[in-house]
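Dear colleague,

Please find the structure below, handed over for your records.

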Amino acid sequence: MVTINADECLVCGGCIDLCPKTAIMMVDDRVMINSEKCGECKICVEVCPVSAPFVA
Amino acid sequence: MVTKYDVVIVGGGPAGLIAARAACEEGLRVALIERKKDIPKIHRTCGGAINVNESSFGEFVWYDEEKGEFVFKNTGFTIRYDGPSQDVFGFHIYSPNGSRLEFGNFPELRKNAKKNRLCMAISKEKLLKTLLEESERLGVSIFPNENVCSVAKNSTKVVVECEDGSTFKGPFAIAADGINSRIARVLKLNRERSFFGTTRDISLEIEGTECPDPDGFLFMFTPRGVFSMIPMAEKNCYLVSSSTNRKDIIPLELINYFMREDPTFSQWYRDSKVLQHRSACVVTLMSPLEKPFKDNVLFIGDACWRREISNLGALCTGWKAGKSIANALKEGKPNEKGVEDYLNWYQEHYYGPHGKRKQTGRNFLKYLAPQDIDYLVEMPKRKFDQTMDIFKVVNSIGRTYGDLMRRVYEERPDIMDKLIKIRENMEEDMKEQIKWGFRTV
């Protein structure tokens with residue numbers, strides 16, 4: 001499962017924009033992955049400038 | 001919840017907010033949807049500057065000190081701004097040993113800063129706050145903390161749906177959702193755009209630098225990549241950024257190397273204080289939209305272009321689109337014909353002059369040694385005309401080095417060979433850059 005390390009995340013929203021499944025959202029100015037929609041493609045992991053998303 | 005509006009705007013950056021204001025001023029019922037909860041707060045890297053005193057995309061902006069407002073003369077609107085600012089005079093491009101190409105003689109220009117500045121670094125947060133307050137006062141319905149998941153046109157309306165089930169409808173919508181526009185993707189507009197890769201950027205904010213002339217947009221070529229430094233609004237504060245299009249590079253490590261270890265440029269940051277706020281940005285590099293319109297959705301700002309149109313382009317396209325929609329509805333033309341003036345204006349000032357400009361795959365750092373770049377940068381031995389127009393910079397570099405090639409050929413045939421190779425391998429190198437990227441179709 002892919003989750004986001006909120007301490008690292010800068011909330012730039014790049015992963016939200018690029019997620020092919022629209023599984024990532026901004027909620028209360030935090031980035032969250034909806035695990036039900038996530039296809040585990042890991043684009044968010046690759047694209048993040050600060051490596052905030054990780055595979056748990 | 002289903003609510004009807006005249007226009008539904010997705011995105012609360014400078015483009016979306018000014019579009020909301022412009023449409024609302026004409027009496028339209030406007031909804032503005034933004035995924036951030038605190039709309040003016042900046043998380044995504046932005047130069048945060050407004051070009052002044054120089055023509056850019058058909059606009060010529062000047063800052064009225066007395067009234068505290070930016071005047072967008074040609075497009076025809078003003079924006080109140082009385083926050084902090086630093087003056088910017090032009091570009092400097094540095095080679096690895098600290099030699100530079102100067103677009104403008106900063107010490108000379110500084111003597112009459114208000115007349116000679118070509119850009120003002122401003123607080124984007126303050127600008128967005130002003131625009132948001134004005135929009136709210138006029139009666140724009142603002143919906144923060146909403147993630148748009150679909151945009152589609154039925155027989156008469158554009159329907160914008162959010163993740164939480166909220167639905168917004170109107171005869172027109174505006175896509176102001178930024179550089180990686182989800183709406184452009186949903187409406188399948190990216191299929192006709194050329195793709196050039198994806199960059200991942202990170203920026204640190206610093207206070208204090210020993211850089212000799214920091215009041216410009218500075219680009220530094222180093223063996224580890226190209227870095228930039230630009231003034232921020234607050235006195236003595238600067239934004240230092242790194243950018244990479246490779247997946248195997250961590251931007252944060254790159255920028256730490258630049259500021260702490262680079263033999264030339266780390267000197268600038270010996271006593272700098274690194275501030276807490278950091279920002280980042282992922283940029284899908286694509287050709288601009290030829291027509292910023294589909295299914296009654298108008299595209300503005302970075303959603304239809306690339307980031308070089310900056311805040312000025314975001315504000316002008318936003319204002320123009322808002323007014324154009326108001327006009328279309330007044331004339332009873334809720335269709336493409338109704339917003340023709342926006343589309344023609346975009347064609348005249350944006351797509352026509354700049355839209356077909358190709359991104360080239362020239363990868364200087366892959367072929368040239370640091371000393372080769374130093375040699376090339378030291379060649380012209382003159383200052384270039386002051387400009388903040390990146391297209392003008394590229395053109396004058398092209399012209400200058402075109403004239404210098406004979407000398408390179410005679411003095412340094414080894415560098416000449418490398419330059420030829422860069423040209424020959426341009427397509428291959430572009431393919432590699434594309435392979436590293438994430439295409440959004």
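The notes below concern salt bridges.

This is a predicted model, in which local features need pLDDT of at least 70 and side-chain atom pairs count only at pLDDT 80 or more, while totals for chains, interfaces and linings use all residues. Residues are numbered from 1 along each chain as its sequence is written, chains are lettered from A and ligands numbered from 1 in the order in which they are written, and side-chain values use heavy atoms, with hydrogens and water left out.

Over all chains, the structure holds 37 salt bridges (a side-chain nitrogen of Lys or Arg within 4 Å of a carboxyl oxygen of Asp or Glu).

In one of them, Glu134(B) meets Arg80(B) at 3.9 Å, N to O. Glu134(B) belongs to helix α4 (residues 124-138) and Arg80(B) to strand β7 (residues 77-80) of chain B, so the pair ties together parts 54 residues apart in sequence (helices, H or I, of at least four residues and strands, E, of at least two are DSSP runs, numbered from the N terminus). Glu134(B) is buried at 13% relative accessibility, whereas Arg80(B) is partly exposed at 36% (buried: under 20% relative accessible area; exposed: over 50%; partly exposed: in between; 1.4 Å probe, protein chains only). Both residues are part of a salt-bridge network that also links Arg21(B), Glu25(B), Glu26(B), Lys323(B) and Lys330(B).

A salt bridge also joins Asp215(B) and Arg110(B), with the closest N and O atoms 2.5 Å apart. Asp215(B) is buried, at 12%, and Arg110(B) partly exposed, at 33%.

Kind regards
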